[in-house]
Amino acid sequence: MPNPDIRVFKTLEELSRHAAARFEELARLQAGNKRIFSAGLSGGSTPKLLYQILASPTVSSRISWQDVHLFQVDERCVPPDHPESNYRMIGEALLSRAPIPEMNFHRMTAEWPDRHQACEHYAQELRQVLRPGAGEWPRFDLIFLGLGHDGHTASLFPGTAAIHERTLWVRENYIERHKVFRLTLTFPVLNAAEEIIVLVAGAEKAEVLREVLEGPPGSAKFPAQRIQPASGRLTWCVDEAAARLLSKLSRSVG
Ligand code: 6PG
């Protein structure tokens, strides 16, 4: 990957506090410019502490939530109260604890039987809030992504159709290995963002992180290697455990 900005933190907590501070800083900048602040939230386990920090009274009270619009990066095709639901995790960690107006959180209705209709519905919400120009991709101010053990990000898994999507903003993706459908934002939307922060923590991610960040130049073996913002800022925020196999040259201390 061409010279990404890699920030190494001692712990997941330090990493999460840094990410929360960046969210707060960007939200405040947008509020100062009388503009909404749009953010894409990934699921999984890594970002849970980040969302809890954003919901904590000290941090939450400094954010003008009425000017913040939160979207999901991806969702499992399960009911919203299912243990596997990303919405359920985000709800427990953030939505149920911070004064976020209900209309400012945009849920992926991935449980709908007609997944194409669910994607259309979500694309319409993106259009209404982010208001891209004709022929433009919707542009988030900030997107939080994670990294799976197989090098996936969002629900863009190796060998799946959605990693090649260049037209749709959000689409269904069948994950053969897990025998499940998911809905996911596509790479053109992710890469249109003003800023992307990829959160990676834990020793079990060390090998895939090294391969993704230090693999052969131009490699796209892993979907996460396709995270290449057209003009936005990309930062990999990783903890020491996940960074242990990275060459010393490629990292800066948190
Ligand atoms: C999801 C996420 C996914 C996640 C990675 C890492 O729906 O699971 O959006 O892309 O970021 O799988 O997950 P962990 O943070 O649990 O390791």
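In the predicted model, an oxygen atom of the ligand lies 3.3 Å from a polar backbone atom of glycine 43. An N or O atom in the side chain of arginine 182 is 3.2 Å from an oxygen atom of the ligand. Taken alone, the ligand exposes 410 Å². The protein buries 89% of that area.

The ligand sits in the largest pocket. There are 16 residues around the ligand. Those that come nearest are Thr46, Arg76, His152, Ala154 and Lys205. By residue class, the shell around the ligand holds 10 polar residues, 4 charged residues and 2 nonpolar residues.

The cysteines were then considered. The disulfide count is 0. Cysteine 77 is in no disulfide. The cysteine sulfur nearest to that of cysteine 77 belongs to cysteine 119 and is 7.9 Å away. The cut-off for a disulfide is a pair of cysteine sulfur atoms within 2.5 Å. Cysteine 119 is likewise in no disulfide. Its nearest cysteine sulfur is that of cysteine 77, at 7.9 Å.

Cysteine 119 has a relative accessibility of 6%, so cysteine 119 counts as buried. The cut-off behind both assignments is 20%, under which a residue is buried.

Notes: Residues are numbered from 1 along each chain as its sequence is written. This is a predicted model: local features need pLDDT of at least 70, side-chain atom pairs count only at pLDDT 80 or more; totals for chains, interfaces and linings use all residues. Side-chain values use heavy atoms; hydrogens and water are left out. A residue is near a molecule or strand if one of its heavy atoms lies within 4 Å of it. A polar contact is a pair of N or O atoms within 3.5 Å; within protein, one must be able to donate a hydrogen and the other to accept it, and residues adjacent in sequence count only if both atoms are side-chain atoms. Accessible areas come from the Shrake-Rupley method with a 1.4 Å probe; for residues, only the protein chains shown count as cover. On a 1 Å grid over the protein atoms alone, a cavity is a set of points where a 1.4 Å probe fits but cannot get out, and a pocket is an open set with protein on both sides within 12 Å along at least five of seven lines; lining residues have an atom within 4 Å of a point. A molecule sits in a cavity or pocket if more than half of its atoms lie within 2 Å of its grid points. Ala, Val, Leu, Ile, Met, Phe, Trp, Tyr, Cys and Pro count as nonpolar, Asp, Glu, Lys and Arg as charged, and the others, Gly among them, as polar. Buried means under 20% relative accessible area, exposed over 50%, partly exposed in between (1.4 Å probe, protein chains only).
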